[in-house]
Every structure is written in C-alpha cells, then in structure tokens.
Amino acid sequence: MNVPAIGAEAAEQLVLTALVALNDELPEEDRVAVSADTVLFGVDAEIDSLSLVSVIVDVETALNDAGMDVSLTDDRAMSRAVSPFTDVRALTAYILELADEYQ
C-alpha cells in the first residue's frame with residue numbers, strides 16, 4: 001500500500017488537533033491542557049473515557065483522510081502492557097509505529 005509517510009511532528013499534531021477540537025466542545029472549566037505531556041488515560045488522565053474515544057475517532061479520521069486506514073483500538077493496542085493511550089507522546093509513538101507498517 002503506498003501511503004504518504006507521516007513524521008513525528010505531523011503525528012503529534014494530529015493528536016493535539018484532536019485535543020483542541022475536544023476543548024472546543026467542552027465548557028471552559030473542563031478544558032484540558034494541549035501539549036505532548038497531556039495524560040489521556042489512567043489515574044492522572046486529564047480527560048474522561050468518552051473524551052478519549054472522541055480524540056481517538058478524530059485521530060483515526062485524520063489518518064484515514066491521509067490514506068492510512070487504521071484502527072487505533074485494535075487487539076494489539078489493547079493487549080499491550082503499557083497502553084498507547086497513556087499520553088500524547090505514547091499515542092504519537094503508536095501512530096508512527098502503525099505508519100511504518102504502511103510503508
């Protein structure tokens with residue numbers, strides 16, 4: 001499959017853009033920090049599970065629009081000892097891992 005390469009900055013930007021979109025839907029007092037350090041999942045998560053789903057769907061849609069038809073929540077992601085949804089950096093790394101498989 002010939003899909004345009006996605007770099008680390010572009011992958012991170014996809015996640016950050018999804019967080020910005022999430023913030024646009026939240027009341028001001030519930031908005032989250034938008035940075036590479038934003039915790040997405042776990043005890044210290046800055047977003048709830050429904051918001052995480054929204055972020056994942058937005059990122060998957062952006063990847064699909066770029067020609068990369070992937071599911072970020074496949075069995076491989078869910079069975080990892082360390083979740084790829086822990087924070088923005090972990091999700092970015094997982095996106096890059098999936099992108100490498102498309103090359």
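Which residues does Ile95 touch, not counting residues up to four places away in sequence? Ile95 touches Ile6, Ala11, Val15, Val59, Leu63, Met68 and Leu72, where contact means heavy atoms within 4.5 Å. This is a predicted model, in which local features need pLDDT of at least 70 and side-chain atom pairs count only at pLDDT 80 or more, while totals for chains, interfaces and linings use all residues. Residues are numbered from 1 along each chain as its sequence is written, and side-chain values use heavy atoms, with hydrogens and water left out.

**Nonpolar core**

- A nonpolar core is a set of buried Ala, Val, Leu, Ile, Met, Phe, Trp, Tyr and Cys residues joined through side-chain atoms within 4.5 Å.
- The largest such core has 26 residues, and Leu19, Val59, Leu72 and Ile95 touch the most other members.
- Helix 1, helix 2 and helix 4 each supply at least two residues of this core, and helix 4 gives the largest share, seven residues.
- In soluble globular proteins, nonpolar side chains tend to be buried together.

**Helix 1**

- Helices are DSSP runs (H or I, at least four residues), numbered from the N terminus.
- Helix 1 has 18 residues, which at 1.5 Å a residue should span 26 Å, and this agrees with the 26 Å between its end C-alpha atoms; the expected span is 1.5 Å times one less than the number of residues.
- Ala11, Val15, Leu16, Ala18, Leu19, Leu22 and Asn23 are the buried residues of helix 1. Seen down the helix axis, they fall within an arc of 150 degrees, so they line one face of helix 1; the arc is that of the directions from the axis to the C-beta atoms.
- Buried means under 20% relative accessible area, exposed over 50%, and partly exposed in between (1.4 Å probe, protein chains only).
- Glu9, Asp24 and Glu25 are exposed on the other side of helix 1.
- Helix 2 and helix 4 are among the elements that cover the buried residues of helix 1.

**Salt bridges**

- With a salt bridge taken as a side-chain nitrogen of Lys or Arg within 4 Å of a carboxyl oxygen of Asp or Glu, the count comes to two.
- Arg89 pairs with Asp37, their closest N and O atoms being 2.7 Å apart. This pair links helix 4 (residues 88-102), which holds Arg89, to the loop between helix 1 (8-25) and helix 2 (49-65), which holds Asp37, 52 residues apart.
- Arg89 is partly exposed, at 46% relative accessible area.
- Glu97 pairs with Arg80, with the closest N and O atoms 2.4 Å apart. Glu97 lies in helix 4 and Arg80 in the loop between helix 3 (75-78) and helix 4, 17 residues apart.
- Glu97 is partly exposed at 28% relative accessibility, and Arg80 is partly exposed at 30%.
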